[in-house]
Amino acid sequence: MIICLKKLSVLLVAFLMLCSFSSVFAEEGKITFYVSPNGNDSNDGLSEANALRTIEKASEKLAGMTTNMTGDIVVNIAPGYYELSDTLTLSNAHGGTNGYNVIFRGIGDGEAVISGGSPVTGWAKVEGSPLYKATLTTVSVVRNFYVNDYPAVRARSKYNYTYKAAYNIEGSEYSIDGILVDSRNLPRFEHPEELETIWKGSWKHFRIPVENIIYDSPEYEGSAIFKLQNPGWDKASTVLKAPVGGDGFFIENAKEFLNEPGEFYFDSREHMIYYYPYPEEDMATARTYVGKTETMLDIRGNTKEQKV
């Protein structure tokens, strides 16, 4: 199998640029498929006029043609944008046989962009604010957002908070239910259930969502109770190099922290993403995406001996 690459950007959105030159392979093979943004997956894909719409459909079709190949199988991908809603898996069924190759390549002028991201459009200015917002219904969580191919920063605390002590609920099925945090300099978050706590240890990096924050508890004066989502927090607290009292963490995805250019916040209840643009960014023309498919391409053979 040959995948002709022009550029690979190792971001979560993970753009995969397919090369667009035609002189690499002199022999196009016995079977040629065509994929185009203007195609249709109900087509046979065997000509430019009857191109397929998705690379997934092309890989599905060729998988049944590789048992006893008599020539190369070429997938010609026209310039344009191709969104992967799930990981594209290529196995032995997609590999060449009898000394012939399965070839994925870009054709024509321009780039064929395979993206694990979902485009964000329809930006509107938030009245009385430097922020812009856009409706986003294609994902439920946004940890990665890109503006003109540059990663933005998820709105986060500017300094670390400290894990003072463990918090346990009487009768809980878990060994630990949360932590106590000094309530000084801690905002009263409108939607604490949207927050994630980020712990960066020497060997491990933990990301634990918040279930709720209890302020002004008479039992814990001067502290806020962070109820963290279980069973995740319970499991994280029992592994080697687990977070312990005295460790620091920061908080992500709080609208209260969205106060600098280049930052974003996603409200999952409103299905709305907010962004604070830099002065030179025009949100009417900016190319914006959120990460959706974490693993774009998975190529694996049956065994070490039976490689793709």
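The following dialogue explains how to read several features of this predicted model.

Student: What kind of model is this, and which conventions apply?

Tutor: This is a predicted model, in which local features need pLDDT of at least 70 and side-chain atom pairs count only at pLDDT 80 or more, while totals for chains, interfaces and linings use all residues. Residues are numbered from 1 along each chain as its sequence is written, and side-chain values use heavy atoms, with hydrogens and water left out.

Student: What is the average pLDDT of the protein chain?

Tutor: The term pLDDT denotes the predictor's confidence in each residue, from 0 to 100. The protein chain averages 88, and 91% of the residues score at least 70. Over residues 5-17 the pLDDT is below 50, and this stretch has 49 contacts in the model beyond near neighbours in sequence; a contact means heavy atoms within 4.5 Å. Residues 19-26 also have pLDDT below 50, with 17 contacts beyond near neighbours in sequence.

Student: Which residues have the most contacts inside the largest nonpolar core?

Tutor: A nonpolar core is a set of buried Ala, Val, Leu, Ile, Met, Phe, Trp, Tyr and Cys residues joined through side-chain atoms within 4.5 Å. Buried means under 20% relative accessible area, exposed over 50%, and partly exposed in between, with a 1.4 Å probe and protein chains only. The largest core here has 31 residues, and those with the most contacts inside it are Ile179, Phe189, Phe226, Trp233 and Ile251. The elements giving two or more residues to this core include strand S18 (178-182), strand S20 (205-214) and strand S22 (248-252); helices (H or I, at least four residues) and strands (E, at least two) are DSSP runs, numbered from the N terminus. S20 supplies the largest share, 4 residues. A second, separate core of 20 residues includes Leu52, Ile73, Leu84 and Leu88.

Student: How is an aromatic pair described?

Tutor: A pair of aromatic rings is described by the distance of the centres and the angle of the planes. Rings of Phe, Tyr and Trp (its six-membered ring) pair if their centres lie within 6.5 Å; planes under 30 degrees apart count as stacked, over 60 as edge-to-face and the rest as tilted. A search of the whole structure finds 14 such pairs. The rings of Tyr163 and Trp199 have centres 5.9 Å apart and planes at 80°, so this pair is edge-to-face. The pair links distant parts of the chain, 36 residues apart: Tyr163 is in the loop between strand S16 (161-162) and strand S17 (165-167), and Trp199 is in strand S19 (residues 196-200). One aromatic cluster is formed by Tyr159, Tyr161, Tyr163, Trp199, Phe226, Trp233 and Phe249.

Student: Is Tyr163 buried or exposed?

Tutor: Tyr163 counts as buried because its relative accessibility is 6%. Tyr163 and Pro243 are 80 residues apart in sequence, yet 8.4 Å apart in space, C-alpha to C-alpha. Beyond residues up to four places away in sequence, Tyr163 touches Pro243, Val244, Gly245, Gly246 and Asp247, among others.

Student: Which charged side chains sit over rings?

Tutor: The criterion is that NZ of Lys or CZ of Arg is within 6 Å of the ring centre and within 35 degrees of the ring normal. Arg156 lies over the face of Phe250, at 3.6 Å from the ring centre. The charged end of Lys255 sits over the ring of Tyr274, 4.0 Å from its centre.

Student: Which polar contacts does the side chain of Asn253 make?

Tutor: A polar contact is a pair of N or O atoms within 3.5 Å; within protein, one must be able to donate a hydrogen and the other to accept it, and residues adjacent in sequence count only if both atoms are side-chain atoms. A polar atom of the Asn253 side chain lies 3.2 Å from the backbone oxygen of Glu194, and this side chain reaches the backbone nitrogen of Phe266 at 3.2 Å. Asn253 is found in the loop between S22 and strand S23 (263-267), and Asn253 is buried, with a relative accessible area of 3%.

Student: Where is the cis peptide bond?

Tutor: The peptide bond from Asn230 to Pro231 is cis, with omega near 15°. Pro231 is in the loop between strand S21 (223-228) and helix H2 (232-236).
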